[in-house]
Amino acid sequence: MSNAESVLKPTLVTMPPREATKPLFDRAHEWITTVDHKRLGILYIVYALVFLVIGGIEATIMRIQLAVPHAHFVSPQVFNQMFTMHGTTMIFFVAMPVLFGFANYFVPLMIGARDMAFPRLNAFSFWMSALGGIILYFSFLGGSGLYGAGSAPDVGWFAYAPLTSPAFSLGHSTDYWIIGLLVSGVGSIGTTLNIATTVLCMRCPGMTLGRMPLFAWLNLVMSGLVLVVVSPLTAAQIMLLVDRYLGGHFFDTQAGGSAVLWMHFFWIFGHPEVYVLIIPAFAFISEIVPVFSRKPIFGYSIMVAATVTIGFISLGVWAHHMFTVGMTSYGNAFFVGSTMAISVPTGIKIFNWLGTLWGGKIVFKTPMLFCIGFLFQFLIAGLTGIMLAAAPFDWQLGNSYFVVAHFHYVIVGGILFALFAAFYYWFPKMSGKMYDETLGKWHFWLFLIGFHLTFDFMHIPGVLGMPRRIYTYEPGRGWEIWNLIVSIGMLFQIIGVLIFVWNLVWSYFKGKAAGNDPWDAWTLEWSTASPPPEYNFATIPVVRSRRPLWDLKHPEDPDWKYE
Amino acid sequence: MAATTLALPPAEMPLPQEYRGHVGMWCLIIAESAIFTIFVVAYLYYAGKSLSGPTPAEVLHVPWFNSVCLFASSFTIVMAERAIVQGKTRPFGIWWLLTIALGAIFILGTAREWYHLIYDDGLTISSSLFGTTFYSLVGLHASHVIIGLTGLSIIMICTALGYVKQEHAPRIEVFAMYWHFVDAIWVVVLTVVYFVAR
Amino acid sequence: MGAAHLCAANVASAVTLGSPDIPSIFSPASTPADSIYHLSLFVLETCFVIFAVVFSLLVYSVVKFRRRPGDDGREPAQIYGSNQVELAWTVIPIVIVVVLFLASARVIHAVEDYRFPPNTTEVTAVGHQFWWEFQYPQQGFITANELHVPVSDAKSPTPTHIVLLSADTDHSFWVPMLAGKTDLIPNRTNSMWIDPHETGVYVGQCAQYCGTQHAKMLLRVFVQSREDFNRWLAEQQRPAQNDGNVASGRRVFESTACVNCHTVSGTAAHGKFGPDLTHLMSRETIAAGAALNNRENLRQWIKDPEVFKPGSLMPAMQLGEQDLNALTDYLMSLR
């Protein structure tokens, strides 16, 4: 037998016919009771897409209200609920679930495993996360807020004390925020425990840590971060419940408690949380850019080291969200240093992606278009982050629309673009069908225009003195025209997303068959059928390099010669 | 083919699947440690800052007996693990029962201490910063002991019904890790509450 | 529609108010804002250079290394990395970071550890939901929402030191042209300072979400010449005007719940929950900037605050027309 064949046997599987004949109830029951990582991955992703639409509606309501000064589209009470729910939804019920969904689907496939380490824990974690979102949104019905104007929480997604104390947050709206997130936090810890254990214990023969796809590495780092940082939020929320229900004084400033302590606890969670969100996005880029440049990732080991470094440093930068609370000059200076330090490994990653493009043969399919958008936009987002890291500059820019523009640049321009790239890249694998490339390009260009209209110009009102979380603003301060442009950009983004959803749905039913490996890629998920059978691989693969399918396709020049 | 002249690199076996339980439990311990860390930080931050109410020095007495019982339960659970690894289910059951008993003594002792603090000393969760942080931190630990006792009891019932065998030893080990963690947390809480911040 | 609003608002503000400038952080008028401005220019320039370099490299690589039509289908050279290149693009960013850190640390120290000269004006700002209380402890009076400070000469500075407290939740004092923002946090004392170089009106607003009407907790800082400022101080120190013509209005004020929340010095009203009204008519706006201070607005505010500021903590006073008119007359007399 030739060496090439002994390296990896391709999986030949014939798919059974689609089970359209099963009754709906049985199919629904299968989905609800599934412990298969692929189905749970899809459940997470669909759940996240539903909340993406809801969060988008909340954003649209805010932008209509802010398009002109002194508008009366919604009352201040409703507006304050909108920004609270929009932020909470997008972070906890869109970004985290969709990233967990992709991790769930592809980590086992990429490491040559049949499922996650703990399939039942996997299902439990998903349903806990889902329950958290339902609890949060039940607040619209059951929360009984202060002014009786609907009842969703209105304390902002970071729920600063003492605004959340019983004295200032009457009724139960804040409790829905607390409990919804406590429950979904349990789900997050369960999922990441699972991902970490899977990556460490379930790799196929030959796949040492140094031969794992970057996707698996980065999800491992993300999981480690979640385990350490979601718990502080859980702890702080338990403390808040003790304050609200048992008469405790953790954040009760009248009894000597400290409002700043909540800020510390929240941001010890909150800052690493955004790295939890961006690191899986980095994982997508690190898998997709090489395939569409036709070269391996530049500097694999450095990419791993940089990500681990980012993970560690991210635990030490949190008080850059608190530059204005009156810390000492030494405290402020320390956090300036740590925050700026994190830009070094982050920059290294951007340069390594640049190095991957360099000398390649770039193919501009939709996933790659979104990756290129990511690279430009993440660069800009990182630079506005450096500006905010310079504490005195943050004393002006903090809590203004400049910050809102910065973090949306990272989350929408970075994470969401990477997510769109991931959707288009892996949709053929998950559904067995190709999406429509023309519609994909329409989505990209419309969304790009809308994104830049909204979030480029959003920096300007911040520089001109417009704070965040205001339901209206004074005319004559020079903010009007920029707010109007920002609001108009929403339209393009909405249309782009609608085209995206339509593309997915239509292609699922009517798209061309994709085959195992439409992109001529190199990681293990492309060696099995599209969609993969329940058991993933007919025989567990044996690998000898980072790109097992490259070795198979290029037996005269395999990767393990060079690694 | 030219490839036949190249020597294949070795295909090492990475960490075996049997370690799943241990790795998973370590992840849980890391997450739980982070929660406790935050409560300890809050306790230390507010030490001495209460505006009113009894002080720790006035009302806290080191719970020696309870603590010794809890630490001893770590010893008994190790003996139980050794027994089941060798397949000796009867000694395993005895050591396991002892572990439960020692843990239960700890909880009862904590309850007695709290009764005394609330009704005799007037220290409640709402009386002051000290009260809030004390009952929250010690209570969080106690709730983890209770969860551990619940798990221990379930395994005890399964043992009594004859379902626990030698091949379950790795799972017993993983559960015992949780119990050791609860003990280790008590070392920290005991030190911080009854020694450092008094 | 936005443009029409803009025109109307500009005209209105030019006619009725002191026509405050657009509160841009790039138009500093005081030393803290100035220091921040110079640091920000340095940071922006550095970021722009980084952007230009990396952006150009990205554009170049996306254009030069695209797959051309008629490509032979062979894979390009499979490069795995380069240690020298990695070293270069690690060391250079570290150097940039160190420089930016030092520049920032210098400004942090200059602003936070400033030593106050002897003739510093002292003000204590207390944040409330949703208005600003300003105490002048050296002169012994309290006012609300509109801060008056003396102009400062760079050669012999007369800064104003503002101590920041809060009566309820977190707030933040932000007047971009005068200084960066600093938070007002309950159970905590914060501190900031300004030394405006030019007289005029500077606008800002609360910059930390504090509840329903966070958006209308506006700030106006009146920077005055020494003479004007001293005159203003003297006016504020006097007790309230006692105009016999508005006695009936004063009776309404003192017999209704008004006195529970408001203070009018020299009278029986000593409430602390709401703004001090002793010299109400010396202010340009009411309701922390939500409306101009004139008779109709004042009357409307007392009748139903929800019109200007829905969710404000002042209740509608449910007065009859006659009482309402008398009360408004009384308040109009508090100059």
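## Sheet of chain C

In chain C, five strands form an open sheet of mixed pairing in the order β3-β2-β1-β5-β8; strands are DSSP E runs of at least two residues and helices H or I runs of at least four, numbered from the N terminus, and two strands pair if DSSP finds at least two bridges between them. The edges are held by β3 (141-144) and β8 (190-194) of chain C, each with a single partner strand, so one side of each has no neighbour in the sheet. From one strand to the next the twist averages 25°.

Strand β5 (residues 160-166) of chain C runs antiparallel to β8(C), joined by five bridges. Leu164(C) has Asn190(C) as its bridge partner in β8(C).

## Basis of the model

The model is predicted: local features need pLDDT of at least 70 and side-chain atom pairs pLDDT 80 or more, whereas totals for chains, interfaces and linings use all residues. Residues are numbered from 1 along each chain as its sequence is written, with chains lettered from A and ligands numbered from 1 in the order in which they are written.

## Helix α4 of chain A

Of the 35 residues of α4(A), 32 are buried, so the helix is largely enclosed by the rest of the structure (buried: 20 or more other C-beta atoms within 10 Å of the residue's own, with C-beta atoms placed from the backbone). α4(A) bends by about 35° at Thr89(A), the angle between axes fitted to the seven residues ending there and the seven starting there. Gly112(A), which follows α4(A), has a positive phi near 75°.

## Contact between chains A and C

Chain A and chain C each give 85 residues to the contact, defined by C-beta atoms, placed from the backbone, within 7 Å. On the side of chain A that touches chain C, α11(A) supplies the largest share, nine residues.

Definitions and conventions: Contact = placed C-beta atoms within 7 Å. Axes fitted to C-alpha atoms, helices over the stretch in contact; angles between N-to-C directions. Buried ≥ 20, exposed ≤ 12 C-beta atoms within 10 Å, placed from the backbone.
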